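Keep the picture at hand as you read.

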Amino acid sequence: MADKLTLDIVTPYGHIFTDEVDEIVATGSEGEFGVLPEHVPFLTTMKIGMLTYKKGAKTGYFFVNGGYAEVGPDKVTILADSAERSEDIDIERAKEAMKRAEERLKKQEEIDEARATAAIERSLTRVQVAERHSAR
Ligand code: ATP
């Protein structure tokens with residue numbers, strides 16, 4: 001019986017993370033889900049959100065920009081549009097991205113509102129995930 005889970009986080013920008021962990025909590029499009037070893041296999045789409053894992057006494061935090069999760073009994077693979085470890089998030093960059101999106105929304109001319117709203121959500125979530133790390 002498996003007592004470890006391999007977590008793999010892959011994006012078009014590269015392989016972000018792989019390690020054996022004890023527990024994962026991620027943001028699926030239907031809400032948060034938790035995974036322990038021996039979980040029933042499933043596939044889900046992901047929302048912009050935080051992924052947390054526990055390994056022994058360590059807790060790790062990631063920003064995940066949507067995508068897919070494939071859950072198996074001993075492996076969770078996240079295929080995301082982009083993803084960063086909390087400690088790699090550039091908070092100033094995220095805030096700048098938010099300002100640009102807010103400006104676009106204010107102008108109201110020929111903007112793709114859904115795109116600007118998604119940029120704001122990425123920015124807010126990145127700041128939240130980065131603060132989780134610095135709060136530790
Ligand atoms: P920006 O407008 O600042 O590029 P974005 O939300 O459009 O933000 P993404 O398309 O999600 O950016 O990501 C593009 C690449 O930049 C990915 O490799 C992602 O990990 C990285 N990235 C984006 N924002 C940040 C950030 N604030 N800190 C660290 N890496 C980031």
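Lys55 is partly exposed, because its relative accessible area is 31% and the label covers the range between the buried limit of 20% and the exposed limit of 50%. Keep in mind that this is a predicted model. Which residue forms a salt bridge with Lys55? The partner is Asp19, and the closest N and O atoms of the pair are 3.1 Å apart.

In general, side chains of opposite charge can pair when their charged atoms come close. The count for this model comes to seven salt bridges. Another one of them joins the side chains of Arg126 and Glu84, at 2.8 Å from N to O. Arg126 lies in helix 2 (residues 113–134) and Glu84 in strand 8 (residues 83–85), so this pair ties together parts that are 42 residues apart in sequence. Are these two partners buried or exposed? Arg126 counts as buried at 18% relative accessibility, because buried means under 20%. Glu84 is buried too, with a relative accessible area of 18%.

| Salt bridge | N to O distance |
|---|---|
| Lys55 and Asp19 | 3.1 Å |
| Arg126 and Glu84 | 2.8 Å |

**Patches of charge on the surface**

Which residues form a negative surface patch? They are Asp3, Glu20, Glu38 and Asp74. Asp3 is found in the segment before strand 1, and Asp3 is exposed, with a relative accessible area of 60%. Glu20 has its place in strand 2 and is partly exposed, with a relative accessible area of 40%.

There is a patch of positive charge on the surface as well, where Arg93, Arg100, Arg104 and Arg115 gather. Helix 1 (residues 91–107) gives the most to this patch, with three residues. Arg100 is placed in helix 1.

**The nonpolar core**

Now look inside. In soluble globular proteins, nonpolar side chains tend to be buried together. How many residues does the largest nonpolar core have? The largest core has 20 residues, and those with the most contacts inside it are Leu7, Ile9, Ile24, Leu51, Val76 and Ile78. The elements that each give two or more residues to this core are strand 1 (5–11), strand 2 (14–21), strand 3 (23–28), strand 4 (31–35), strand 5 (42–55), strand 6 (58–71) and strand 7 (75–79). Strand 6 supplies the largest share, four residues.

Leu7, one of the core residues with the most contacts, and Glu20, a member of the negative patch, are 13 residues apart in sequence and 6.2 Å apart in space, C-alpha to C-alpha.

Terms used: Residues are numbered from 1 along each chain as its sequence is written. This is a predicted model: local features need pLDDT of at least 70, side-chain atom pairs count only at pLDDT 80 or more; totals for chains, interfaces and linings use all residues. Side-chain values use heavy atoms; hydrogens and water are left out. Patches are made of residues with over 30% relative accessible area and no salt bridge: like charges are joined within 9 Å, nonpolar side chains (Val, Leu, Ile, Met, Phe, Trp, Tyr) within 5 Å. Accessible areas come from the Shrake-Rupley method with a 1.4 Å probe; for residues, only the protein chains shown count as cover. A salt bridge is a side-chain nitrogen of Lys or Arg within 4 Å of a carboxyl oxygen of Asp or Glu. Lys and Arg count as positive and Asp and Glu as negative; His and the chain ends are not counted. The place of a charge is taken as NZ of Lys, CZ of Arg, CG of Asp or CD of Glu. A nonpolar core is a set of buried Ala, Val, Leu, Ile, Met, Phe, Trp, Tyr and Cys residues joined through side-chain atoms within 4.5 Å. Buried means under 20% relative accessible area, exposed over 50%, partly exposed in between (1.4 Å probe, protein chains only).
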